[in-house]
Amino acid sequence: MNIFGPLLGLIAPRWKSMALGVLLGFLTTGSSIGLLATSAYLIAWAALHPPVLDLMPTVAAVRFFGLARAVFRYLERYVTHQATLGILSQIRVWLYNAIEPLAPGRLTGYHSGQLWSRLVADVESLQHFYLRVLAPPLVALMVLAVVSGFLAWINHNLALVYFLIFLLAGIGGPVLARLLGRGLGRRLVEVKGRLNTYLVDSLRGMTEIVAFGQKQRFQEQVAGLSHELAAIQGRAARINALAGALTGVAMHLAMWTVLVLAIPLVSSGQLEGIWLAVLALGVWSSFEAVTPLTAVYQHLEEGLQAGRRIFHITVAQPVVPETPSPSPTPAGFQLRVKDLGFWYTTGGQRVLDGIDFTLPAGGRLAIVGPSGAGKSTLAHLLLRFWDYTEGSITLGGRELKEYDPDQIRAWLGVVSQHTHLFNATIRENLALARPDATEAEMWRVLAEVGLLPFVQGLPHGLDTYVGEGGFKLSGGQRQLLAIARALLRNTPILVLDEATRGLDSVTEREVLTALFRLREGRSTLIITHRLAGMEHMDEILVLNSGRVVERGNHRDLLHRQGLYYKMWKAQRQVLVASVPNAILL
Amino acid sequence: MFNRRLLAEAGTVNWYLALAVGMGLVTGMLVVLQASYLARTVSLVFLEGEGLAGVWPWLLALLAVILFRGGVAWLGESAAHSAAARIKHALRQQLLSHLYALGPVHLRRERTGEMVNLLVEGVEAMEAYFSRYLPQLALAAMVPLMILGFVFPLDLMTGIILLFTAPLIPLFMLLIGRRAETLSQQQWESLSRMSAHFLDVLQGLTTLKIFGRSKAQAQAIARVSDRFRDTTLGVLRVAFLSALALELLVTVSTAVVAVALGLRLVYGRIPFEQAFFLLLLAPEFYGPLRLLGSQFHAGLAGVTAATSLFAALDTPAPSGPVLPPSAALRSTSSCSQDEPGQQPTVRGLRVVFRDVHCAYDGGTRPALQGVSFSLNPGETVALVGASGAGKSTVINLLLGFIQPDQGSIMVNGVPLAQLSPQEWYRQLTLVPQHPYLFSGTIMDNICLGRPQATLDQVVAAAQLAGAHDFIASLPGGYDTQVGQGGLVLSGGQAQRLAIARAFLMDTPLVILDEATAGLDWESEQVVQEALARLRRGRTVLVIAHRLNTVKTADRILVLDAGRVVETGSHEELLDRRGSYYRLVAASGGGL
């Protein structure tokens, strides 16, 4: 995939600022050259003892360039950074808008941490792509053209030699560094990755490492890798230092060569002696434009990699196409699933096979089974996070695929075991479900799930921050808050996907009782491997390996002594780990 | 910016500081030489009409200085980087050992992600401080001094201009640096806030979608992102303005030097060669000082990272008794199992807790308040109780992760604190509630405690743990990669690997933290059977969550608020109708 073009495309809207930045960069270096060249001219001319007044324009020029350099540098930095930061800000929004339709279907391969590093770190490193990759070579080229032109006006050989040394320093140094360091970058990334893995293992697995007496072994492994990393970094640094030193040598060498070529010109009278000092200092100071070139390649690589990762996401197509036409209105909320089959990848394993059920409006249905039976996949299909491959799902008599996915989620609420709480207040987390909910309504749903005394007891009540991912709450409280949020939304159909995970069985039973009472007349679908509240269900489907193996109500299924009965028996083995109210208060 | 502790760190590579200073001296010398040869050459040709042949010696000398200067620059920079690499390596080792000294109990409260970041990126941030800022500091100190030494005897006026403008540069930097530090702190916070917000949104993307709010989030992203842009630009504006002031100082000073020289030249008060020499030195004089300014921010990042690094290093390690581990374990029974290449394990361990008190957070959060019990050889003791009752604390004490504040823990009559950790860890195995799987093969993971075990031994252990069948059904078998970046195993599978570890260790004492729930029905049965096998013939302390486990335990200790409130067998405790009875009743089973 060509990355460079699209990356350029991202700055296209601000190309004028960027071009202005390059021009200002050129003027900055130009002023540097001007300052030293006019100074040299001033001194050389003064040595010939002219009338002081004759020197005044040159004195003015020296002062002008002295001021101009600083001012141009300031303007250049300001203009380019303002433009770049603006671009980055737009890229973040653009990237979010590209990620949003992909969730969750297309994002299963990514950790949220990976996406996050795209949105933050990768976008940040694009900053260098614009400031340190694009601009410096353009500035250097302009300097090269103007100085060479000036030298050619004096003598072609001077221009030619200058041109060659400038190119050698600007391109030769970085290329040499790249050749010497070939493969080093990859090894660096690899060793760093391995070190990272070992460090994560060393810290997360510390309990086991210590208890199994392996502390020394792990520390030695980390030390070995850290040492290897240091060795590679040392080599890379020596190569970079070499490239830097070569640039410095080239700068002085250019001055030296120009001197060697110009001296015979002075001797033969082709060039006035006064210009000798000007040439030496002018050429020398023009290499200021070369110094930033040594870093171009490195930043280019980083920028391209960041770009590759970013575009990898943005070219992905969402699994569920957005429905363009306005959604039809369902006639009632009967949910009917017929001969449903699903697999994630064509030719892959069937995750669901021949599922059949009807959830009448106001009905209660449970889907139970061991983990990995395909229960959560079913919930995702109902929410249109994926589209089913075989069979049909109808809502109110029409195929689910005819509805706009966003519209479906307004009718069909879900609480899963991974429901996310945002790092905001309890109030804001609840308001997510219904922005117009009143405070009284919020307190009511909190009371229904049994969180009322807890929230009332908090110094800031509803305005208490729940922390990152809700970490200030216990696992049970988090789950209860998520359930409260779904109750507040009160959709015609509610799907509870392992929603009571993390609750002790007493609380679980209480919450389910409240829930059934509140949702009287509205449909509820419970997906679980914990068999609580099953006696309230109209029908229970037992799922194993993607197929329905048993169905019926609680009593019939126990009677049958099949898989359902075995699950039920195993569950009654578990002791309550905590006294119910201990976690809430 | 002259961080004492960081420099003490540099002291570990003493020669490095010397080299940095030496390099500054040599560079200074070469700068002066180069300027003088150049001035001589130009002067000879320009004013005295010498040809190329006449100035060759000077030109050759100039060439030599140029090449030599390149060599010195290369050497100096390489050395600085090597030193930085060494220091980073040392810091990383230091921090890791310190975290180990703090132990898993402390670490669990920290965020491991943050610590890993500190160990990798935080340590890397030292690079700029040691390889760029510090050498530049040496150059900025040495080169201008050296140049002044040559300028003053030649021309007082230029010397004075240079002398009085030079200190302004560091002064400026100091003044602006203070402001920049607070600003960069603000900017860092703003970046953190933006990062945190983005992470929150991305983690909750599915939830947002369910509530139909994900599209609206783009506005919030734009708002946060724009705010970050504005803060950054604010910080940069200060940095750029400070740079502007510095540049102005430098360029205007250079211009002043040039004009002053020029005017005196006109009146013949100074020879051309000298004037040109002085003009050449002016940019070389300010150069290192100016570069110091641009490395200042690089150094600042290092100092910031160092602050968190040293904060982590300064967390005091638990002050356990520092008696030299002297005592050796003696077997209570004579039967010991010998196996080639392995220490004979002590069969029959008797562990006694006597009035043990223990508190977290410097004594403010009591966890155990006088717990006494004994664990006899071959006995299974189950700990039950509400969360926070002190069950985990008992295990942490037994594992030596924390020390009792009061009371004693004796192993076969020897205080636990006096046993050498290596010897003690050879006597016990831990089967944790959520076993951690290390990045590596399944084989590596089972071998955790005995890296030299053979495949046959591992397979035997896996069979006893009921793990062999599922391992064999994996495409890679025992070589399947698990852990970070590897195959994700279910809770039940991970549990069985941990039990296999325990079988392979074959220790007299097993510490078992039962999974609360979450295993599916099939795993549940296999795990129960494997655990029953593991308990046979061993001393077992178990945090129990299964009725089966407590029913078959020899003794049950019911913990409540850091005290043992009931003790006895399942039947005895049920008859008593106390805490235990209520606990079992609440679970709805077994009565």
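Colleague: What should I know about the numbering and the model first?
Modeller: Residues count from 1 along each chain as its sequence is written, and chains are lettered from A and ligands numbered from 1 in the order in which they are written. The model is predicted, with local features needing pLDDT of at least 70 and side-chain atom pairs pLDDT 80 or more, while totals for chains, interfaces and linings use all residues; side-chain values use heavy atoms, without hydrogens and water.

Colleague: How many residues of chain B are in contact with chain A?
Modeller: 148, against 140 residues of chain A, where contact means heavy atoms within 4.5 Å.

Colleague: And how much area do they bury between them?
Modeller: About 12900 Å², 71% of it on carbon and sulfur atoms. Buried area is the accessible area (1.4 Å probe) that two parts lose on being put together, summed over both.

Colleague: How many salt bridges between chain B and chain A?
Modeller: Four, taking a salt bridge as a side-chain nitrogen of Lys or Arg within 4 Å of a carboxyl oxygen of Asp or Glu. One pairs Arg69(A) with Glu247(B), closest N and O atoms 2.8 Å apart.

Colleague: How many over all chains?
Modeller: 36. Arg309(A) and Asp122(A) form one, at 2.9 Å between the closest N and O atoms. That pair links distant parts of the chain, helices α10 and α4 of chain A, 187 residues apart. Helices here are DSSP runs (H or I, at least four residues), numbered from the N terminus.

Colleague: Switching topic, where does α3(A) bend?
Modeller: At Thr58(A), by about 25°; the bend is the angle between axes fitted to the seven residues ending there and the seven starting there.

Colleague: What comes after α9(B)?
Modeller: Gly268(B), with a positive phi near 70°.

Conventions: Helices (H or I, at least four residues) and strands (E, at least two) are DSSP runs, numbered from the N terminus.
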